[in-house]
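Please keep the sequence and the model in view while reading.

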Amino acid sequence: SGRTDLLDDGYIAARSQHNRGLAIDVTLVERPTGTPLAMGTAWDTFSRDSATFAVQGEARRNRERLRAAMIAVGLRPHDGEWWHFALPHADAPVLDVAYAP
């Protein structure tokens, strides 16, 4: 906590679509082992390398594959975070629920 730099630098939104039940963070895995495919960074890596098109090679192909699959089912990509996708319903109610008491 206390990482206001992440807000200032645009890595975290002041009001996330996650709080509305509209966003999901996902990756690709190898079947049947469940081993994550190379994506160039871990998810929630707060760096410029997290942008969808910031890497090359296998990681770039995997990111583009994930992006295409998610767009095909109606989710919108966040180009600054290769793992983040959301449904286009900005007027959904906020669902702020505490993780623990």
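Which residues are buried in helix 2?

## Basis of the report

The model is predicted: local features need pLDDT of at least 70, side-chain atom pairs count only at pLDDT 80 or more, and totals for chains, interfaces and linings use all residues. Residues are numbered from 1 along each chain as its sequence is written, and side-chain values use heavy atoms, with hydrogens and water left out.

## Helix 2

In helix 2, the buried residues (under 20% relative accessible area, with a 1.4 Å probe and protein chains only) are A59, R60, N62, R63, L66 and M70. Viewed down the axis of helix 2, these buried residues fall within an arc of 165 degrees, taken from the directions from the axis to the C-beta atoms, so they line one face of the helix. On the other side, R61, R65 and A72 are exposed, that is, over 50%.

Helices here are DSSP runs of H or I with at least four residues, and strands are runs of E with at least two, both numbered from the N terminus.

## Surroundings of helix 2

The buried residues of helix 2 pack against strand 1 (23-25) and strand 3 (81-86), where contact means heavy atoms within 4.5 Å. Just after helix 2, G74 has a positive phi of about 95 degrees.
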